[in-house]
Amino acid sequence: MLAFTIIGSFWLEIALKVRVLVRWRRWLKAILPVALLFVLWDAYAISRKHWHFDTRQILGICGPLRIPLEEYLFFLVVPLAAIMTLEAVRRVKKHWIVGDE
Amino acid sequence: MSYTQIAIDAVILSLLLDLFALKTALIRRKVFWTSYAIILPFQLLTNWWLTSRNIVMYNAHEIIGKRIASAPVEDLLFGFALILSVQALWVFFGRKARS
C-alpha cells in the first residue's frame with residue numbers, strides 16, 4: 001500500500017516538476033506536527049483496540065507507543081502524496097489561487 | 001472516545017486550523033477540492049486493499065458500522081482531516097517563507 005502510494009504520487013516530482021521533496025524544511029514543518037497528533041491518535045486507538053493489524057501481514061517491527069513501523073511510514077508518505085497532489089494541480093491550473101502566492 | 005467521535009473531532013479541528021488558526025481557507029479554494037477529488041479514489045482503493053485483506057481490522061463497537069469500499073466511513077473523515085491539515089500547513093509555511 002505504501003509502495004503504491006509512493007509510485008502513484010512521486011512520479012509527479014519528475015513529470016510535473018512539482019519540486020516538493022527538495023523543499024524539505026517546508027514539508028517537514030507541515031507534516032511533523034500533524035503526524036505527531038495522528039500518531040498519538042493511533043497509539044490511543046491501538047491501546048483501546050479500535051483497530052488492530054494482522055501480524056502475519058506486517059513487518060512486525062514496532063516503534064515507540066507499540067505502533068507498527070508501517071504506520072509511521074504511512075504518516076510520512078500519505079501527507080507527502082497529498083502535498084504533491086496539491087502542487088500538481090497548481091502546475092496544471094496556473095491561474096488558480098493556492099494562498100501562498 | 002470511539003473512532004467515530006475522534007474522527008469527527010479531527011475534521012472539526014482541521015477546519016478550524018484551515019479557516020481560523022492559519023487563515024489559509026483552502027476549503028474555499030478550487031485547488032483544494034480538485035486535489036481532494038484526485039486523492040479520494042486512491043484512498044478508497046488503498047482502504048479497500050487494507051480492509052478486504054484483513055491487514056487492518058476494526059472493532060465493531062467503535063464504529064457506526066457503515067462501510068464504503070469495505071472500510072469504515074470513519075476512514076474518510078480521518079483522511080480528510082489528515083489531508084486538509086497537512087496541506088493548510090504547507091501553504092501557511094510557503095506564505096511565511098516569502099514574507
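Student: Which residues does B:I83 touch, not counting residues up to four places away in sequence?

Tutor: In this predicted model, B:I83 touches A:A82, B:Y36 and B:I39. Each of these counts as a contact because the C-beta atoms, placed from the backbone, lie within 7 Å.

Student: What makes B:I83 part of a nonpolar core?

Tutor: A nonpolar core is a set of buried residues of types such as Ile, joined through C-beta atoms within 7 Å, and B:I83 is among the residues with the most contacts inside the largest one, which has 48 residues.

Student: How many residues does each chain bring to the contact between chain A and chain B?

Tutor: Chain B brings 35 residues and chain A brings 34 residues. On the side of chain B that touches chain A, two or more residues come from each of helix 1 (3–21), helix 2 (30–52), strand 1 (56–58) and helix 3 (74–98) of chain B, with the largest share, twelve residues, coming from helix 3. By class, that side of chain B has 22 nonpolar, nine polar and four charged residues.

Student: Why are strand 1 of chain A and strand 1 of chain B said to pair?

Tutor: Pairing requires at least two bridges between the strands, and strand 1 (residues 51–53) of chain A and strand 1 of chain B have three, in the antiparallel sense, so they qualify. In strand 1 of chain B, B:M57 is the bridge partner of A:H52.

Student: How do you know what span to expect for helix 2 of chain A?

Tutor: The expected span is 1.5 Å times one less than the number of residues, and helix 2 of chain A, with 24 residues, reaches 32 Å from its first C-alpha to its last, close to the 34 Å expected. Helix 2 of chain A also bends by about 30° at A:I31, and a proline, A:P33, follows within four residues.

Definitions and conventions: Residues numbered from 1 in each chain as written. Chains lettered and ligands numbered in written order. Predicted model: local features only at pLDDT ≥ 70, side-chain atom pairs only at ≥ 80, totals over all residues. Contact = placed C-beta atoms within 7 Å. Nonpolar A, V, L, I, M, F, W, Y, C, P; charged D, E, K, R; others polar. Buried ≥ 20, exposed ≤ 12 C-beta atoms within 10 Å, placed from the backbone. Bend = angle between axes of the 7 residues up to and from the residue.
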